[in-house]
Structures are given as C-alpha cells and as structure tokens.
Amino acid sequence: MTTTPPTAVTPVDPAERVGTAVDGVDVLGALSPSRVGDFLSCPLLFRFRTIDRLPEPPSPAAVRGTVVHRVLEQLFDLPAADRTPDRAETMVAPAWNELLDAEPALGTMFDGDGADVVAWLSSCREVLARYFDLEDPRRLEPADRELYVETLTDTKLLLRGVVDRVDVAPDGAIRIVDYKTSSSSPPEFEGKALFQLKFYGLVIWRMRGVIPKRLQLIYLGNSEILSYEPDEHDLLATERKVQAVWDAVRLARETGDWQPRKGYGCTWCAHQAICPEYGGTPPPLPERSPDAAAAQAPDSSSG
Ligand code: SF4
C-alpha cells in the first residue's frame, strides 16, 4: 500500500486568526510567544515561518493539541454538573470534525482505511482524560477562555496572543492557565516553558493594570501542574527580552542574515530540505517588505 504524504498547510498562529489587523496602525511589528520561541530556537526557522510563510505538513501531535484545547474550551459552555470525563469524551469526535471542516487538508494526515484516525482519536481521549486528574471543572467558572490579548509597547511593538483560560477570584486575583498536551519540561527548561505565560502576564498587566497572581501550566502529557507567581520584576524582564528579540529580528532583516541554529528542534522542523545545516539552500527572500511581513505574520499554539 502506498502512503500519501500529508498536504502541507501554512501554519497560522491563533493570535493572527482572531487578532485585529495591524495594517495602517503605527506599529513596528507584532510578536506572539510562539514567534519569539521560534526566533530564540532558530532565526532561520522564524524566517521560514514568519517572512516566507512556508507551508508545513500538519502533525498529528499538534492537531491533537488543537482538538483537546477545543474540547476544554467547549466544556465550560456546559452546565457545571455536566462537565464530566464521560461527557468530555463524547466531544472529541465533533471537535475533530469541526476542525476538519475548517481545514480539510488535515485529513491527509491519515491513511484511507480509517484505522489511523480511530487510534489518533483514542489518543486525544486519553490525553483529555488526564485533565480530570488535575482539576474538577465542575468547581470552576473561568472568566475567559481562548482570550485574545494584545498590547502595544512604548516602542510600538504589538505583543499579542491567545490565552487558554483566565480565572478571576472574588478578590480580583487573576490566574492565567495554559494547557499543554505534551509532558512537562525538565527543571532546566522550566524557564523556557514559563516564558509564554510571563508574556501573557505582561500583556494582561498592561491591559488591565493588574499583575496576574498566578501563572499555571497544566501538562496533560504526564499529569503535572507547574505554577508560578510573577512579580513586576519578572514581567519587566520579559518585556526587555521580547524587545531584544525584536531588535535581533530587525537586524536579521537589515542584513538578510537569518542564521540557522541546529538543535533539538531540528527533529521536528519541516524545512530541513532547504536548511544549510542539512545541505539545503533557502529560497530567495520574498520581495514583500519584511517589516510588513513581520507585522502581519502569524505570531502560538496550542501546546
Ligand atoms: S532544520 Fe534546524 S537549523 Fe534548519 S531551519 Fe529547521 S530548526 Fe533551523
């Protein structure tokens, strides 16, 4: 039996999908945590995704993340008493069908006989079931889910993203929650894992004038929760880091020097064939103004 490779799709950041257009607004550019992460792990990968906007084959792991996030969002539409593991399980297939309707190319991830998709849906249910080991959604009433947030820095850089869940306590304390369908990182990489949440903490602080009390990563891959209480110092440091990344993006744009950085992430990179580290040659940079490209380009993901 021959296997048809999945049809490549242009990755679109959720922040771009729901964000306000930045055309005509006086901004330098836009960054989301995912795009900052791309640049920090490999500037050339950032270029391929953000400037060239090269399509990538969909990955079952990433799409599983999208489906599980969708179910966890919809779960809180139900009356509290109905937010049970059994009910959540029934929501997986409809969430997948909804995604497939919106992006039919995702169906090419699986072979025609249906066995792969059945096994994959089962893996989605397994990951989702772990959520109920960590939280009881019947006892929660989130203030927001899949919340688009954005703020403009003093340097006219638009920071934006989509927060999985925001909880607000009766005393006004804010908790930012992010679901990861992967497993937790080793301690030495915790800072990297928390960066995304500090980014959201910074944006919400700028938007609401309140520093979130708690940042919480819920790892459904291995049933762990990572919590962190940020302070002003943390969030100002995050702002400086994001600005430094933007300055480096601008320098790469001016010089045309988008350095590849070989590392662990290469294992999953869809662009090895055109990467100099693997003997490939990147395509010429597109004619379009890189500033405009970066400003309009995809910025997260679902983890
Ligand atoms: S293969 Fe590795 S070094 Fe090359 S673009 Fe991808 S992530 Fe960067």
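Which residue takes a positive phi in the hairpin of β2 and β3? That would be Lys156, with phi near 70°, in a hairpin that has 4 residues between the strands. This is a predicted model, where local features need pLDDT of at least 70, side-chain atom pairs count only at pLDDT 80 or more, and totals for chains, interfaces and linings use all residues. Residues are numbered from 1 along each chain as its sequence is written. Helices (H or I, at least four residues) and strands (E, at least two) are DSSP runs, numbered from the N terminus.

**The hairpin**

- Strands β2 (residues 144-152) and β3 (residues 157-168) pair in the antiparallel sense, with 8 bridges; pairing takes at least two DSSP bridges between two strands.
- Glu150 has Arg160 of β3 as its bridge partner.

**Helices packing on α7**

- α4 (residues 60-75) packs against α7 (residues 115-134) at about 50°, axes 10 Å apart; axes are lines fitted to C-alpha atoms, for helices over the stretch in contact, and angles run from 0 to 180 degrees between N-to-C directions.
- That angle makes α4 oblique to α7 (under 35 degrees is roughly parallel, over 145 roughly antiparallel, 65 to 115 roughly perpendicular, the rest oblique).
- On the α4 side, the contact uses Pro60, Arg64, Val67, Val68, Val71 and Leu72, and α7 brings Trp120, Ser123, Cys124, Val127, Leu128 and Tyr131; contact means C-beta atoms, placed from the backbone, within 7 Å.
- By class, this contact of α4 with α7 has 10 nonpolar, 1 polar and 1 charged residues (Ala, Val, Leu, Ile, Met, Phe, Trp, Tyr, Cys and Pro are nonpolar, Asp, Glu, Lys and Arg charged, and the others, Gly among them, polar).
- α6 (residues 92-102) crosses α7 at roughly 120°, with the axes coming within 10 Å, so α6 and α7 are oblique to each other.
- Val92, Ala93 and Trp96 of α6 meet Leu121, Cys124, Arg125 and Leu128 of α7, a set with 6 nonpolar, no polar and 1 charged residues.

**α8 and α9**

- α8 (residues 190-208) and α9 (residues 232-255) pack at about 105°, axes 9 Å apart, and are therefore roughly perpendicular to each other.
- Lys198, Phe199, Gly201, Leu202 and Trp205 of α8 touch Asp234, Leu235, Thr238, Glu239 and Val242 of α9.
- Sorted by class, the contact of α8 with α9 splits into 5 nonpolar, 2 polar and 3 charged residues.

**Around the ligand**

- Cys42, Pro260, Cys266, Cys269 and Cys275 come nearest among the 14 residues around the ligand (a residue is near if its C-beta atom, placed from the backbone, lies within 6 Å).
- The shell around the ligand has 8 nonpolar, 3 polar and 3 charged residues.

Terms used
Two residues are in contact if their C-beta atoms, placed from the backbone, lie within 7 Å.
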